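Please look through the structure below before reading on.

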Amino acid sequence: LEYSTRFAVRKAKTVIAVSEATKKDLQKFYHTDENKIVTIPHGYESVENIPDLSPEVKAKVPEKYALFISTIQPRKNVIGLIQAFRKLKNENPDIPHKLVLAGRIGWRPEETLAEIEKNKDIVIHLGHVGDNDRWGLLKNASCYVLPSFYEGFGMTLLEAFQAGVPVATSNISSMPEVAGDAAEYFDPHNTDEIK
């Protein structure tokens, strides 16, 4: 994959990047001439009527929760999010919220799944959910948190804004570019900041 990507980038007349962060990565890792790269952010189709949660998913989530939606893999920093949420709950035991995680299991999930298992009293892992339930989860969340170490774009940030939920996200990669001044930011390497 690395060789084919490097070859494709080298041979292409123009390379489209979905964010300035991705453009910088193409320059850094593939030594691509910046004049060859055009940044065109992802399109976004607004949802007019955000659906409610299905009864099956609604039965699994508490009334109050912080939400993470994405693939369970190391770069998403779910371990850091869980550790920060544990600190929050330890320091503020009266907070009724739980942390709800929704998303497929990705590559190298073992450590993250072990952290989820250790914290089942405050973390609910739903696994993959369909589009309607994804929107329902967003609509009913107290906040959406995306603590990733890297995102090429971060579409779920826009979905959270569409659902009217407050957003907290990493201050690196493409997240500040996508969320602008509409989110709260933290260093994803610092669980106290995430908390």
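Which residues in helix α2 (residues 20-30) are buried? The model is a predicted one, and in it Ala21, Thr22, Lys23 and Leu26 of helix α2 are buried. An α-helix has 3.6 residues a turn, so residues three or four places apart point the same way.

After α2 comes His31, with a positive phi near 55°. Two further residues can be described by their backbone angle. Asn77 has a phi near 60°, which is positive although the residue is not glycine. Asn77 sits in the loop between β3 (65-69) and α4. With a relative accessible area of 7%, Asn77 is buried. Arg108, another residue other than glycine, also has a positive phi, near 45°. Its place is the loop between β4 (98-102) and α5. Is Arg108 buried or exposed? Arg108 has a relative accessible area of 54% and is exposed, because anything over 50% counts as exposed.

The next topic is the pairing of charged side chains. The model has 10 salt bridges. One of them joins Asp52 and Lys139, with 2.5 Å from N to O. Asp52 belongs to the loop between β2 (37-39) and α3 (55-58), while Lys139 belongs to helix α6 (residues 131-140), so this pair links distant parts of the chain, 87 residues apart. Asp52 is exposed, at a relative accessible area of 57%, whereas Lys139 is partly exposed, at 31%.

A salt bridge also connects Asp121 with Arg86, and their closest N and O atoms are 2.6 Å apart. Because Asp121 is in the loop between α5 (110-118) and β5 (123-127) and Arg86 is in helix α4 (residues 78-91), the pair ties together parts 35 residues apart in sequence. Asp121 is partly exposed, with 45% relative accessibility, and Arg86 is partly exposed too, with a relative accessible area of 22%.

Helix α4 takes part in another pair. Glu91 and Lys195 form a salt bridge at 2.8 Å, N to O. Glu91 is in helix α4 and Lys195 is in the segment after α9 (191-194), so parts 104 residues apart in sequence are tied together. Glu91 is partly exposed at 49% relative accessibility, and Lys195 is partly exposed at 33%.

Lys195 returns in the description of the pockets. Which residues lie nearest the centre of the largest pocket? They are Leu88, Cys143, Val145, Ile194 and Lys195, out of 17 lining residues. The space in this pocket is about 280 Å³. At least two lining residues come from each of α4, β6 (143-146), β8 (184-186) and α9. Of these, α4 gives the most, with four residues. By class, the lining has 12 nonpolar, two polar and three charged residues.

The second largest pocket has a volume of about 210 Å³. It is lined by 13 residues, and Ile69, Gly103, His128, Val129 and Arg134 are the closest to its centre. Helices α6 and α7 (155-163) each supply at least two residues of this lining. The lining of the second largest pocket divides into three nonpolar, six polar and four charged residues.

Technical notes. Residues numbered from 1 in each chain as written. Predicted model: local features only at pLDDT ≥ 70, side-chain atom pairs only at ≥ 80, totals over all residues. Heavy atoms only, no water. Salt bridge = Lys/Arg side-chain N within 4 Å of Asp/Glu carboxyl O. Buried < 20%, exposed > 50% of the residue type's maximum accessible area, 1.4 Å probe, protein only. 1 Å grid on protein atoms, 1.4 Å probe; cavity = no way out; pocket = protein on both sides within 12 Å on 5 of 7 lines; lining within 4 Å. Points joined across faces, edges and corners; volume = space filled by probe spheres on them. Nonpolar A, V, L, I, M, F, W, Y, C, P; charged D, E, K, R; others polar.
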